[in-house]
Amino acid sequence: MATKKVIDVSYHNGTIDWEKVKAAGVEGAILRCGYGDNITSQDDKQWKRNADECTRLGIPFGTYLYSYAKSDAQAKSEAEHVLRLVKGYKLSYPVYYDLEEHGTESGAVERAKIFCEAIEAAGYWAGIYCNKSWWDNYLNSLGNTYTKWIARYNDTLGMDGVDMWQYTSDGSVSGISGRVDMNHCYRDFPKEITGSSSGANTGSNTSGGSSNAKKDLGNVDLYYSAYAGGKWWPEVKNVTDWAGKGNDVPITYLGFRVTKGSLKARAYTRKSGWLPYITFKNSYNKKDLANGVIGDGSEILAVELYYNTPSGYNYKYAKYKVSVKGKSGYYPEQRDNETGSGMDGYAGDKKNAVDKLQAWIA
């Protein structure tokens, strides 16, 4: 796909004329919401205005927080900082953890995981922002656990697996005085997160859906297949059966397809932790183990499914449950990534290999 023109801004960019920014062809913005611990004096002074203007004008946006954390407790506080400020907004790009502060290098990987897990548990996409040197020297063990936004002011980025590249801090955009950070975005985040490349809400449950959604979508069939014990097992439809080989045989890959709407899915594996989300529509590709199915070849320890309801229809949800190696019966049923009513937001325990999956849309 063609790259998207994305800017990132903070109060340092002053009061922005977002109508001019939109007219200049900017396709997305990453807005700083604040820095450090969850203290109101450390909110970005332009955050609310920038978020309100992007919302009013339909400019897809995400956010980032500049980290000063040197402890696990501070990483949790920084996640709470973001969640307090994004409440009520519909994000079309991820929430990024800005890691670049001198003196915070040691333990940065663990704090990044704490921050990102808290963000994802709240239903948002989480990512890492840093420069290439920081990634190479302190963060590369994260692999592809989270989406990456990398800064390198050069003619080439010089690394793979990056979803967004901040290629200059010396850009110019109508409506913004002075220099602007410019980015090439290689991924259509608005489409993946909200179902629309424009970033407008098209029925994603996280984004709140349409207030006029009154039609009945009717039956939606979910088909899925598991790779376990060295082979792909027959595809299953809804809850007519379960996917996998059987008791105590770990599942290492899963593929999904739905007859209407789309399904967002990810796996927590023994090798990599949470892998990036993959969105499935009416097909999946068993031959593309990187992007066509979820998993990385190691044991899947947990699964998260999320159904995106088409625009104009009453919500439906992904419902699912798993059994795990060494234990009898299924763990409790989950619904999308919800955490109320005793649900975890995912199926599995992140410790034991999943050996059976049942899933359906209702």
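A cavity, on a 1 Å grid over the protein atoms alone, is a set of points where a 1.4 Å probe fits but cannot get out. Grid points are joined across faces, edges and corners, and a volume is the space filled by probe spheres set on the points.

I am working on a predicted model, in which local features need pLDDT of at least 70, side-chain atom pairs count only at pLDDT 80 or more, and totals for chains, interfaces and linings use all residues. Residues are numbered from 1 along each chain as its sequence is written, and side-chain values use heavy atoms, with hydrogens and water left out.

**Cavities.** I searched the whole structure and found 2 cavities of 30 Å³ or more. The largest cavity has a volume of about 90 Å³. I listed its lining (residues with an atom within 4 Å of a point); among the residues there are Glu 120, Trp 125, Arg 187, Arg 266 and Tyr 277.

I then took the second largest pocket, with a volume of about 340 Å³; a pocket is an open set with protein on both sides within 12 Å along at least five of seven lines. Of its 17 lining residues, Asp 8, Ser 10, His 12, Tyr 64 and Asp 181 are the closest to the centre. Strands β1 (4-9), β3 (61-66), β7 (164-171) and β8 (180-185) each give two or more residues to that lining. Helices (H or I, at least four residues) and strands (E, at least two) are DSSP runs, numbered from the N terminus.

**Cores.** A nonpolar core is a set of buried Ala, Val, Leu, Ile, Met, Phe, Trp, Tyr and Cys residues joined through side-chain atoms within 4.5 Å. Buried means under 20% relative accessible area, exposed over 50%, and partly exposed in between (1.4 Å probe, protein chains only). In the largest core, of 51 residues, Ile 7, Trp 18, Ile 128 and Leu 139 touch the most other members. Helix α4 gives the most to this core, with 6 residues. I noted a second, separate core of 36 residues, which includes Leu 217, Leu 263, Tyr 307 and Ile 361.

I looked up the contacts (heavy atoms within 4.5 Å) of Trp 18. Leaving out residues up to four places away in sequence, Trp 18 touches residues including Ile 7, Leu 31, Arg 49, Glu 53 and Ile 59.

**Helix α2.** In α2 (residues 47-57), the buried residues are Trp 47, Asn 50, Ala 51, Glu 53, Cys 54 and Leu 57. They sit on the same side of α2 because they cover an arc of only 165 degrees around the axis; the arc is that of the directions from the helix axis to the C-beta atoms. These residues pack against β1, α1 (18-23), β2 (28-35), β3 and α3 (72-86). Gly 58 follows α2, with a positive phi near 75 degrees.

**Helix α5.** In α5 (residues 132-139), I found Lys 132, Trp 134, Trp 135 and Leu 139 buried. Their arc around the axis is only 160 degrees, which puts them on the same side of α5. They pack against α4 (108-121), β5 (126-131) and β6 (147-151). Asn 131 caps the N-terminal end of α5, with a side-chain oxygen 3.1 Å from the backbone nitrogen of Ser 133.

**Positive phi.** Asn 238, a residue other than glycine, has a positive phi near 50 degrees and lies in the loop between β11 (236-237) and β12 (251-258). Asn 238 counts as buried because its relative accessibility is 15%. Asp 248 is found in the loop between β11 and β12, with a positive phi near 70 degrees. At 40% relative accessibility, Asp 248 counts as partly exposed.

How values were computed
Polar contact = N/O pair within 3.5 Å; in protein donor to acceptor, adjacent residues only side chain to side chain.
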